[in-house]
Amino acid sequence: MNLLKKCLKNFIQWPLCIIGIPVYLALAILSKFQRNKLKKPKLVWGPVPLISNKYWSRSLEKADYFSRSFVETVYAINRKSDFDIIFYDFIPESKSALLEEVLIILRPYLVLPTILWKFDIVHIPFSGGVMYRTILLRVEYFLYYLSGIKVIVIPYGRDFYQYSRIADNELKHALLLSYPELALQESLVRSNIRFWSKYADCIVGSFHLDGLGRWDVLPYVPFMIELDNWRPKESEHSRDGIHDEVRIIHTPNHKGFKGTEFILNTIE
């Protein structure tokens with residue numbers, strides 16, 4: 001069934017590629033000539049709806065850059081207002097599950113021209129840019145190259161981990177607890193890492209190192225929170241662990257990988 005769906009999705013895309021590739025090539029070449037290198041570059045972040053894309057983009061806006069987040073969907077834990085452009089802004093979501101699977105493939109073909117024409121630097125994970133679900137997942141980079149767009153790759157986890165190359169078996173075990181399906185996708189992940197390690201203009205490493213042959217910037221943790229939204233309580237309270245009970249909240253997306261059991265064991 002999965003193979004049939006894959007064949008159907010590829011079949012649907014070929015007419016789009018025949019029409020789209022010449023258009024994309026012309027747009028890429030034209031955009032290179034109209035690109036103003038004297039002004040601050042325009043930045044785009046996506047396409048995976050990581051909340052970090054929101055924070056990265058907004059922090060660069062505060063630094064007086066034109067910066068936007070383009071994401072394919074919104075996770076249940078987030079809001080539409082967290083991101084600037086969502087792919088289904090181009091084609092609305094369908095109530096039909098089968099039709100929506102097709103639209104997920106088609107929407108990037110409408111998003112790509114905006115990226116090529118309007119932006120100067122794209123920030124993506126190793127899984128790829130806006131076309132990563134399509135048969136143009138590798139062609140996308142060469143369109144960026146022709147248009148003079150720079151590519152910065154920042155791994156976040158699912159796009160990067162190759163279980164057979166993780167040196168720390170405790171880390172591997174924790175990943176298998178929460179993401180066992182990634183063990184079946186290692187060849188694709190490895191292919192993506194090899195491709196972007198060769199062609200990306202900049203790779204931001206972090207604690208994602210096992211199996212990464214190159215990095216250009218190495219912060220330990222590139223992820224951030226918006227400090228303006230967090231304030232300590234100004235009023236004192238009695239919850240100090242002596243006079244009253246301390247309350248701790250731990251809300252990970254995957255408790256196996258994020259270590260909730262160790263917090264609970266420690267408290268007990």
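Guide: Two strands count as paired if DSSP finds at least two bridges between them. Keep that in mind as we walk through this model, which is predicted.

Visitor: What makes β4 and β5 a pair?

Guide: DSSP must find at least two bridges, and β4 and β5 share 4, running in the parallel sense. They therefore qualify as paired strands. One place to look is isoleucine 121, which stands opposite lysine 150 in β5. Between the two strands the chain passes through α4, and this β-α-β crossover is right-handed.

Visitor: How do you know that β1 joins β4?

Guide: The cut-off is again at least two bridges, and 3 bridges join β1 to β4. The pair therefore meets the definition, and its strands run parallel. Here tryptophan 45 stands opposite histidine 123 in β4.

Visitor: Which residues of β4 point one way and which the other?

Guide: Ile121 and His123 go one way, Val122 and Ile124 the other, and all are buried. Side chains of a regular strand alternate between the two faces of the sheet.

Visitor: Why is asparagine 53 called buried?

Guide: Buried means under 20% relative accessible area. Asparagine 53 has 4%, so it counts as buried. Its place is in helix α2, residues 51-62. Leaving aside residues up to four places away in sequence, asparagine 53 touches Trp45, Gly46, Val48, Ser69 and Phe83.

Visitor: What is the peptide bond from glycine 46 to proline 47?

Guide: That bond is cis, with omega near -5 degrees. Proline 47 sits in the loop between β1 and α2.

Visitor: How do you know that the span of helix α6 agrees with its 14 residues?

Guide: The expected span is 1.5 Å times one less than the number of residues. For the 14 residues of α6 (186-199) that gives 20 Å, and the end C-alpha atoms are 20 Å apart, so the two values agree.

Visitor: Which residues are buried in α6, and what do the buried residues pack against?

Guide: Glu186, Val189, Asn192, Ile193, Phe195, Trp196 and Ser197 are buried in α6. The buried residues of this helix pack against β4, α4, β5 and β6.

Terms used
Residues numbered from 1 in each chain as written. Predicted model: local features only at pLDDT ≥ 70, side-chain atom pairs only at ≥ 80, totals over all residues. Heavy atoms only, no water. Buried < 20%, exposed > 50% of the residue type's maximum accessible area, 1.4 Å probe, protein only. Contact = heavy atoms within 4.5 Å. Right-handed = clockwise from strand over helix to strand, strands pointing away.
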